[in-house]
Structure formats: structure tokens, C-alpha cells
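Here is a short briefing to read alongside the model. Please keep the sequence and the 3D view open as you go.

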Amino acid sequence: MREASIGEPPSEQVPRIYVVGTEQKPKQSQSGIYDPSILCKECDGDLIGVWDNYGQTFLLSPSFSDNCLVDNAGKPAAYKIEEFDYKQLKLFFMSILWRAAITSDQFFAQIKLGSWEEKLRKMILAQDPGSENDFSVVLFKYERALSEIMQNPTKHRQGGVNYYRFRFPKYGFLIKVDQRSFHPELLPFVISSNQQLLIRVMEYTDSKEYERILDIRDKIPN
């Protein structure tokens with residue numbers, strides 16, 4: 001399974017990944033989490049592998065810094081992307097959710113899609129990214145201290161809407177598993193084929209996960 005590979009720039013040093021599971025001790029990993037049993041060779045390489053390659057190349061693009069929007073204090077607030085392949089990028093995130101749902105690895109224990117799993121599977125096999133309201137994705141980028149930490153995905157419910165939060169090295173994303181739409185404040189950031197992509201910029205020390213990492217950081221062996 002390639003969920004962690006978005007933190008692995010080709011021809012560059014792989015960043016240190018702190019894997020924090022639900023029923024396992026905190027540990028460091030240089031290769032992320034890989035489950036070779038969940039996909040056939042054709043699906044992994046010919047289908048999902050294509051989306052993985054696109055997603056990795058897109059997220060590791062150095063051109064993001066050329067399209068940065070700043071807030072009133074002059075701090076980075078979002079990256080604006082004018083051109084991107086909606087189908088490949090959306091299916092990249094949808095396939096991560098699907099793989100997380102079907103693996104037995106305890107790192108993804110909170111991913112339980114129920115009846116949504118079959119809908120997601122059919123859309124992936126049909127190479128159908130759906131509309132922006134189908135498994136809506138909001139992408140954000142972590143910067144500065146502790147930005148390369150990887151944590152287990154968690155389930156959330158806000159305003160009656162169910163979604164999962166994934167946290168990878170330097171990036172995170174929300175993916176909706178619900179018929180209802182995200183809160184109106186998030187809609188400008190939802191990946192869509194009808195609008196430019198805005199990637200929210202966050203400092204990891206301002207995120208909800210930061211306090212959790214402080215609690216377990218000293219327990220991680222060097």
C-alpha cells in the first residue's frame with residue numbers, strides 16, 4: 001500500500017516519518033506503511049499506481065511557492081493552483097481512502113466505511129472521480145516544525161457531516177464520506193473540476209494533532 005509514499009521525493013533523501021498507530025508503540029519509519037496483499041498487480045501498477053505517481057509529482061512540485069496567497073499579516077495562507085488534472089488528483093485521494101479501508105493494518109483501524117466502501121470501490125474501478133460532492137477532498141500543507149510527522153487517520157463528524165482526516169509528511173487532507181456537503185467555509189478549498197485549487201497552509205504547531213505529538217515524542221526511539 002502506498003499511502004506513505006507522498007512523503008518520498010524521488011532522487012531526494014526520504015524524510016523521517018513518525019508512525020503513530022492506534023494499538024502500537026510510536027515508531028520511526030523510512031518506508032511508510034505497505035500492505036502487498038490488498039491489491040492485484042494490475043490494479044496496483046496499471047491503475048492506482050498511475051494516480052500515485054501523479055499525486056506524488058503534484059504534491060512535491062516546487063512551483064507551489066510561486067503561487068502563494070498571504071493573509072493580512074503577510075503570512076502564507078494558501079497556495080493557488082490554476083492547472084491540475086482533477087480526475088487523477090481526486091482518484092489519488094479516493095484510492096488512499098479505499099486502501100486504508102480494506103487493509104488489516106492497525107494503523108488504519110479507524111477507517112470503517114460501511115456501505116460507502118462498495119460505492120468507493122466501484123468508482124475506483126470505473127476510474128470515476130465523481131463530482132466535487134462525491135468523497136469531497138480538502139487539501140492542506142503543513143510547514144515548519146514537525147511538518148514531516150505521519151499520524152494514523154481519524155474519523156470526525158462536524159455539523160452532521162462525516163469525514164476522515166489523513167496526516168502525511170508535509171500534507172494532510174480531509175475526505176468526506178457523507179451525502180451532505182462540507183461546511184460553506186470549506187467549499188472554496190474542495191478539489192473541483194470547476195475552480196482553481198486552493199491548498200490551505202498551516203503550521204503544524206497550530207494543529208490539533210500537535211499536543212498529541214508532544215505527549216508521545218519522548219517515547220519514540222531514536
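Contact here means heavy atoms within 4.5 Å. With that in mind, residues 24 or more positions apart account for 68% of the contacts in the protein chain with a separation of 6 or more. This is a predicted model, where local features need pLDDT of at least 70, side-chain atom pairs count only at pLDDT 80 or more, and totals for chains, interfaces and linings use all residues. Residues are numbered from 1 along each chain as its sequence is written, and side-chain values use heavy atoms, leaving out hydrogens and water.

**Fold elements**
- You will find four helices and nine strands in the protein chain; helices (H or I, at least four residues) and strands (E, at least two) are DSSP runs, numbered from the N terminus.
- Their order along the sequence is β-β-α-β-β-α-α-β-β-β-β-β-α.

**Surface and burial**
- The protein chain has 222 residues, and 49% of them count as buried (under 20% relative accessible area, with exposed over 50% and partly exposed in between; 1.4 Å probe, protein chains only).
- Carbon and sulfur atoms hold 46% of an accessible surface of about 11,400 Å², computed by the Shrake-Rupley method with a 1.4 Å probe; for residues, only the protein chains shown count as cover.

**Two residues with positive phi**
- Phe135, a residue other than glycine, has a positive phi near 50 degrees.
- Phe135 sits in the loop between helix H3 (116-125) and strand S5 (137-143), and counts as buried because its relative accessibility is 2%.
- Lys170 is not a glycine either, yet its phi is positive at about 75 degrees.
- The loop between strand S7 (161-168) and strand S8 (171-176) holds Lys170, which counts as partly exposed at 32% relative accessibility.
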